[in-house]
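Please look over the structure below with these notes beside you.

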Amino acid sequence: MIIFPAIDIKDGRCVRLYKGDFSTVHQVADSPLETARSFRAAGAEWIHMVDLDGAKTGTRTNAPIFLEVAEKSGLKVELGGGIRTMETLEYYFSHGISRCILGSAALKNPAFVKEAVSLCGDRIAVGIDAVNGMAAAEGWLEVSEVSYLELAKRMEDIGVQTLVFTDISKDGTLEGPNYSQLRALQNAVSCRVIASGGIRDLSHIRALTGQGLYGAICGKSLYTGTLPLAGAIVLADASRLFQKSELIPAIIQEEATGEVLMLAYMNEESLQRSLETGTTWFWSRSRREYWNKGATSGHYQHICSIAADCDDDTLLIKVRQDGAACHTGAHSCFFKTMLF
């Protein structure tokens with residue numbers, strides 16, 4: 001799953017809204033470009049940007065900001081807000097924007113969406129924003145009588161491959177995504193689905209990844225510090241850890257004391273088993289099999305946190321250890337002190 005860190009722009013400033021209410025607008029960062037660069041430094045490859053002024057007026061109010069980010073940040077830019085003509089699409093695509101999101105046009109001008117898809121293919125996404133299951137438009141200021149599922153099916157029929165879904169009641173709340181509506185959407189269409197709204201922390205990222213979504217947009221959680229972007233990116237696509245080798249070292253550390261307990265090796269499957277069970281699983285290089293630490297001794301390692309190193313090729317796993325970590329009966333495998 002792709003993590004899309006988000007920047008919403010209003011009056012040239014990086015802002016966030018609460019449940020799409022423009023009266024709740026507040027600034028969350030100083031420089032759009034420097035914020036985007038910080039996302040890139042954390043490992044992001046995409047950025048989701050929204051022109052809030054454009055969403056209300058249908059104009060390219062903040063275009064210079066989006067083009068600067070596309071040119072100078074090193075990120076691919078996914079952009080929505082006020083894109084309602086082919087001229088605007090051609091302008092953005094010719095100036096470095098990677099994907100454009102059509103929102104209000106999906107409800108009010110499906111012929112335009114069809115034309116855009118026929119000419120631009122998967123560079124076009126459609127944003128479906130819902131209030132109580134009904135699609136909204138015009139910067140969420142108007143609520144239609146069309147259900148979000150019906151609108152999604154209409155978009156699939158005209159060739160749209162990517163949908164961005166937001167339950168407006170969740171947006172900016174940090175209360176968690178609307179998993180049930182996302183699942184219903186996934187079951188209704190074959191389009192790639194990007195979740196937006198309500199994401200607070202790594203537990204939400206893990207749940208969305210498990211649901212098989214294409215992407216997740218994260219905004220307020222990044223600015224409030226409840227979601228570590230670098231960790232979210234790795235959790236959403238753990239395969240990146242195994243690009244250099246099928247096996248990577250996992251350093252096991254006791255959470256309470258900081259003592260290093262042992263070193264073992266994980267592949268992608270053992271990492272997934274560890275995430276699913278909350279206890280450590282490893283791959284035995286000698287026995288050529290998976291093993292769950294504590295399965296025979298009862299000395300389980302209950303995972304408190306998992307962190308990847310800067311090169312994405314080593315894991316540090318902090319645990320609550322039951323009994324001894326070493327097969328010799330020592331608490332730690334590292335007991336042969338050679339130098340103080």
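1. Just after helix H1, the residue Gly43 adopts a positive phi of about 110 degrees. The model in which this is seen is a predicted one, and the points that follow should be read with that in mind.

2. Helix H1 itself covers residues 32-41, and its buried residues are Pro32, Leu33, Thr35, Ala36 and Phe39. When one looks down the axis of H1, these buried residues fall within an arc of 165 degrees, so they line one face of the helix.

3. Which residues of H1 meet helix H3? On the side of H1 they are Pro32, Leu33, Ala36 and Arg37, and on the side of H3 they are Ile65, Glu68, Val69 and Lys72. Sorted by class, the residues of this contact between H1 and H3 come to five nonpolar, no polar and three charged. The two helices, H1 and H3, pack at an angle of about 35 degrees with their axes 9 Å apart, and H1 passes H3 in a right-handed crossing.

4. Helix H4, which spans residues 86-94, has Met86, Thr88, Leu89, Tyr92 and Phe93 as its buried residues. Seen down the axis of H4, they fall within an arc of 160 degrees, so they too line one face of their helix. The elements against which the buried residues of H4 pack are the helices H3 (63-72) and H6 (110-120), together with the strands E4 (46-51), E5 (76-80), E6 (99-102) and E7 (124-131).

5. Helix H7 (residues 148-157) packs with helix H8 (residues 179-188) at an angle of about 35 degrees, and their axes are 10 Å apart. The crossing in which H7 passes H8 is right-handed. From H7, the residues Tyr148, Leu149, Ala152, Lys153 and Glu156 take part, and they meet Gln181, Ala184, Leu185 and Ala188 of H8. By class, this contact of H7 with H8 holds six nonpolar residues, one polar and two charged.

6. How far apart are the axes of H9 and H11, and at what angle do these helices pack? Helix H9 (residues 202-210) and helix H11 (residues 229-236) have axes 9 Å apart and pack at an angle of about 20 degrees. This angle makes H9 roughly parallel to H11. The residues that meet are Leu202, Ile205, Arg206 and Thr209 in H9, and Gly231, Ala232, Leu235 and Ala236 in H11. Their classes are five nonpolar, two polar and one charged. As for handedness, H9 passes H11 in a right-handed crossing.

7. Two residues deserve a careful look at their backbone angles. Most residues other than glycine have a negative phi. Leu174, however, has a phi near 65 degrees, a positive value in a residue other than glycine, and Arg288 likewise has a positive phi, near 60 degrees. Leu174 is found in the loop between strand E10 (162-167) and H8, whereas Arg288 has its place in the loop between strand E15 (281-284) and strand E16 (289-292). Are these residues buried or exposed? Leu174 counts as buried because its relative accessibility is 16%, while Arg288, at 55% relative accessibility, counts as exposed.

8. Leu315 lies in strand E18, which covers residues 315-321. With a relative accessibility of 2%, Leu315 counts as buried. Leaving aside residues up to four places away in sequence, Leu315 touches Leu241, Ile248, Pro249, Ala250, Ile251, Met266, Leu271, Ile306, Ala307 and Ala308. Ser180 is 135 residues from Leu315 along the chain, and the C-alpha atoms of the two are separated by 33 Å.

9. Finally, the protein as a whole. Its secondary structure comes to twelve helices and 18 strands, and its C-alpha atoms fill a box of roughly 70 × 40 × 35 Å along the principal axes. Of its 340 residues, 51% count as buried. Among the contacts with a separation of 6 or more, 60% are between residues 24 or more positions apart.

Methods. Residues are numbered from 1 along each chain as its sequence is written. This is a predicted model: local features need pLDDT of at least 70, side-chain atom pairs count only at pLDDT 80 or more; totals for chains, interfaces and linings use all residues. Side-chain values use heavy atoms; hydrogens and water are left out. Axes are lines fitted to C-alpha atoms, for helices over the stretch in contact, and angles run from 0 to 180 degrees between N-to-C directions. Helices (H or I, at least four residues) and strands (E, at least two) are DSSP runs, numbered from the N terminus. Angles under 35 degrees count as roughly parallel, over 145 as roughly antiparallel, 65 to 115 as roughly perpendicular and the rest as oblique. A crossing is left-handed if the near helix is turned anticlockwise from the far one by less than a right angle, and right-handed if clockwise. Contact means heavy atoms within 4.5 Å. Ala, Val, Leu, Ile, Met, Phe, Trp, Tyr, Cys and Pro count as nonpolar, Asp, Glu, Lys and Arg as charged, and the others, Gly among them, as polar. Buried means under 20% relative accessible area, exposed over 50%, partly exposed in between (1.4 Å probe, protein chains only). The arc is that of the directions from the helix axis to the C-beta atoms.
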